[in-house]
Amino acid sequence: MLYRSYLQFLTLSILSCALSVTFSQVFLGITFLLWLFLPKKPSLLSPISYLLSFFYLWQLTVYFGLGFSSENPLASLALGARQEMKDILLVTAFIVVQAVKKEDQARLTQSFSRMGWLLLLTGAISIFSETRLARLISDLYQSNSSWPFQHHYGNPMGVSLYLPIGLMNTHLTYGGLLSLVTPYFFFTFLWAWEKKESFTNLAKKFSPFLLIIPITLLNNARSAILGTIVSLVVGLCVLFWIRKDLGKRTLYLLSSGFLGVLILFSFAFFFVPVVQKTIKPLLGDEKHTDSGRTFIWNSTFPIIAKNPIFGIGPGNYGKAIEDSRKSLSMANPDLLFFYEVTQRGHSHNDIFHQTVIFGLPAALLFIALGFRIVYELSSGFCHYPALFLGFSLSGFFFSGLLQCYFQDDEVLIFFYFLLGQFILFRERSGEWKA
């Protein structure tokens, strides 16, 4: 009975990642409480578990060390808890998912697949909605002061199109989540093609791409697209050259499919303005946020240089970046406007942000985690659905080169669910057959 309840709330938490971060966190909290009372728990002794433990132990060391060394320890600790430390409990998603029994692993994979479908369907609907979908729900039970409307993209053939964000609050968050589910749908279809499944199954497994391609392009989160590309490349390298599971038949399909999409979009680029608006930023055309990244990075580096080992501590980035920005703008008065208007809530790079807040040890552990995940993916010991889901983990670290996705709790909670299920299947790989 206890295990059944645990499994149900775990499923709800995974599914609600596509719907509401509040719901997913609440269900995760309940799942973790139930997990505590489970009679049998996983050992959690994998190399990735060790890296995560060292990573968060270092964060806690910095948090409490710098907190208690400040003039007002309680205020400092409270501020840090509201900022970078607020998402530390999301690592429980990595922990709880590994208690799923062997006979329920298929149900776990199904939960991730359904979450992906929910994400795609809400994203597709949001393309045609002037009002943010999340507001349609939240306005029913609370008053909101935030802007309720979606960014308008254009009116091809008289149809109004809007920037797709599903039920998320920003297109970057939605793009990050989309990047984490795209490899699963892509490789599931390729595997069905390789195994020469029936036309009906192939059509069913190809159907997500009828949603993924236009949603991804209209969403235009280039950092997430970079992560998706890396995930797909890693997956193709593993399946073609390391595991040798995909043959020439699949290679021909990929080549012809890529060529067909290239020709289609090349044609549409010259005749459909909304396609031009979508494609140009992907080809290097600058968006209004691009220069801001260089200015925020430039403001962050002097802070890192002054605090290389322990960083400035959680909760202190806002004040530190203001001081650094003002100092640089005074030294370069011609650039004062750009330093003033740059978004500065975080470093717009996960590695830079880990370094500036927690010092170089945290950044090195974060990078080591990424390398270890890629190593595990390439080692060739895993059940296929988990492997297909796991490929997106490699791209997550590249998406974070242009955004702070590790600070985005909507994306981070799902990342930890994926990582936990990958380790679960990885540790049982000797018992599973593809």
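## Terms and model

Helices (H or I, at least four residues) and strands (E, at least two) are DSSP runs, numbered from the N terminus. This is a predicted model, in which local features need pLDDT of at least 70, side-chain atom pairs count only at pLDDT 80 or more, and totals for chains, interfaces and linings use all residues. Residues are numbered from 1 along each chain as its sequence is written, and side-chain values use heavy atoms, with hydrogens and water left out.

## Second largest cavity

H8 gives the most to the lining of the second largest cavity: 4 residues. H8, H9 and helix H10 (222-242) are the elements that give two or more residues to this lining. Its residues include Gly175, Thr182, Asn219 and Thr228. A cavity is a set of points, on a 1 Å grid over the protein atoms alone, where a 1.4 Å probe fits but cannot get out; lining residues have an atom within 4 Å of a point.

The volume is about 50 Å³. Volume here is the space filled by probe spheres set on the points, with grid points joined across faces, edges and corners. The lining has 4 nonpolar, 6 polar and no charged residues. Ala, Val, Leu, Ile, Met, Phe, Trp, Tyr, Cys and Pro count as nonpolar, Asp, Glu, Lys and Arg as charged, and the others, Gly among them, as polar.

## Largest cavity

The count is 3 cavities of 30 Å³ or more. The largest has a volume of about 80 Å³. Its lining holds 5 nonpolar, 3 polar and 2 charged residues. Among them are Tyr56, Glu84, Asp87 and Phe406. Helix H3 (47-69) and helix H16 (350-358) each supply at least two lining residues.

Tyr56 and Phe406 also belong to one aromatic cluster, with Phe55, Phe366, Phe396, Phe397, Phe415 and Tyr416.

## Aromatic pairs

The whole structure has 30 aromatic pairs (rings of Phe, Tyr and Trp, its six-membered ring, with centres within 6.5 Å; planes under 30 degrees apart are stacked, over 60 edge-to-face, the rest tilted). Phe9 and Phe27 form a tilted pair, 6.1 Å centre to centre, with 40 degrees between the planes. Phe9 is in helix H1 (residues 2-15) and Phe27 in helix H2 (residues 21-36), 18 residues apart.

Phe186 and Phe209 pair edge-to-face at 5.9 Å centre to centre and 80 degrees between the planes. Phe186 lies in helix H8 (residues 171-194), Phe209 in helix H9 (residues 199-219).

Note on methods:
On a 1 Å grid over the protein atoms alone, a cavity is a set of points where a 1.4 Å probe fits but cannot get out, and a pocket is an open set with protein on both sides within 12 Å along at least five of seven lines; lining residues have an atom within 4 Å of a point.
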